[in-house]
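Have a look at the model first.

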Amino acid sequence: MSDTSESYWWQRDDLKYQAGKLNFAGHDVDGLAKMHGTPSFFYSAERLTANVQRLHAALQKAGLKNRYRILFAMKANRFPPLLTLLKLTGLVGIDACSPNEVEQAISCGFRPQDISFTNTSLSRNDYERLHQFEGISMNCDSLTCIRKWGAMGGGGNIGLRINPSIGLGRADNAKLQYAGEETTKFGIYREQFIEAIELAKSYGLKVTKIHFHTGCGYLTPQLDHWENIIQTCMWFVDQVADTVQVVNVGGGLGVPHVANDSPLDLDKWASVLVSNFKHRNISIEIEPGDYLVKDSGILLLKVNTVEVKRDKTFVGVDAGFNIALEPAVYGLPFQPVPGVERDGEKVTVTIAGHINEALDIFYRDVELSPLEDEDVLVLINAGAYSTSMASNHCMRGEFKEFLLY
Ligand SMILES: Cc1ncc(COP(=O)(O)O)c(C=O)c1O
């Protein structure tokens, strides 16, 4: 075991080696694995709260004062203790995308008026259930949605999710874009927007919010593009100038996944918002998922196979891509980190899961300190879109979740 640990790109005060053992949120991960087993997700309450506070601080510093609201996109992680913690901070509301998510948020203490709802392809049953949540903020993303929500009666305020035909995502990853050259299912395009406003009026619905979410995982190099998107969306805002009170700019704020990524420059990000909205009497909503929870969560796995096949050393672990999908599905790497940093030369290995699918690879050709059978291996940045997207493919997919204080 090494006692002079080198420094790693992912290292933070609450995630680092101490005397060769990985420590997360004040806990030795090897000890956590022994106590609770693997695969297990651990979330740090402190990191989660710090992420929320950092975002607030940037918005305050930029001068938005009380003209904004942060909504946690719970599709990223709906673990009830985590939602309850967020509720208790009093610093966030919720972005929900299904009636079940709304109910889960309410069961963790959020009120309907703390919740903004946005999704596509809703059924009659969905509309009926959503209509019961008095005070919920509804964003219609199609003419059909306006029609069906309007037909429920009662008029009221709605938001319109729009599609500006340009999007952004981490390092131009097309899989993370919700708007762009290709026509997507998300939001109302410019060509139909005037019709959408007229339709809303015909049902006595007042358009008080413009909503857009154009992609995920953006970092500082994408901020110029993000400003273009905001400016493009102003055309939509101007069409409802008489009634609009809020602009929801979606989520999408990213966190570093690899050594070459730098953390998002939050001050620059917030100044883009302020410069575009300061002369307008409009409040801002932001609905991040990733930015709040991703780096507050790690996944603990156990090594069960170390074997050289031809030119590659495979390290097999006791979970598969179906409980942590981002590397396989979105090409978003989760840095593997051995629970114990062994002495000896680094070895280049490929981390493979236990599912019978070719895409079940967590990381290819990563240089790590030597791993042995039964070692604990940690995947960092596993706090978002892992458990919430998990399946039981191959009748595997069990995991445990813990919130660490
Ligand atoms: C409408 C909407 N808002 C917010 C988010 C959260 O995105 P992220 O986790 O990238 O911040 C998503 C995610 O896809 C979304 O679809």
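This is a predicted model: local features need pLDDT of at least 70, side-chain atom pairs count only at pLDDT 80 or more; totals for chains, interfaces and linings use all residues.

## Ground rules and overall fold

Two residues count as in contact if their C-beta atoms, placed from the backbone, lie within 7 Å. Numbering starts from 1 along each chain as its sequence is written.

The chain has eleven helices and 20 strands; helices (H or I, at least four residues) and strands (E, at least two) are DSSP runs, numbered from the N terminus. Its radius of gyration is 22 Å, close to the 22 Å that the globule rule gives for 405 residues, so the chain is as compact as a globular protein of that length. That radius is taken over C-alpha atoms, and the rule is 2.2 Å times the number of residues to the power 0.38. The C-alpha trace spans about 70 × 45 × 40 Å along its principal axes.

Of the 405 residues, 44% are buried. Buried means 20 or more other C-beta atoms within 10 Å of a residue's own, exposed means 12 or fewer, and partly exposed is in between, with C-beta atoms placed from the backbone.

## Helix 7

Helix 7 (residues 190-202) runs for 13 residues and reaches 19 Å from first C-alpha to last, close to the 18 Å expected at 1.5 Å a residue. The expected span is 1.5 Å times one less than the number of residues. Phe193, Ala196 and Ala200 are buried here. An α-helix has 3.6 residues a turn, so residues three or four places apart point the same way.

The buried residues of helix 7 pack against several partners, including helix 6 (143-151), strand 9 (156-163) and helix 8 (223-239). Just after helix 7, Gly204 takes a positive phi of about 70 degrees.

Thr38 and Pro39 are joined by a cis peptide bond, with omega about -5 degrees. Pro39 sits in the loop between helix 1 (29-36) and strand 4 (40-44).

Ser121 isn't a glycine, yet its phi is positive, about 50 degrees. It's in the loop between strand 7 (115-118) and helix 5 (124-132). Asn381, also not a glycine, has a positive phi of about 65 degrees, in the loop between strand 19 (376-380) and strand 20 (400-404). Buried or exposed? Ser121 is exposed, with 10 other C-beta atoms within 10 Å, whereas Asn381 is buried, with 26.
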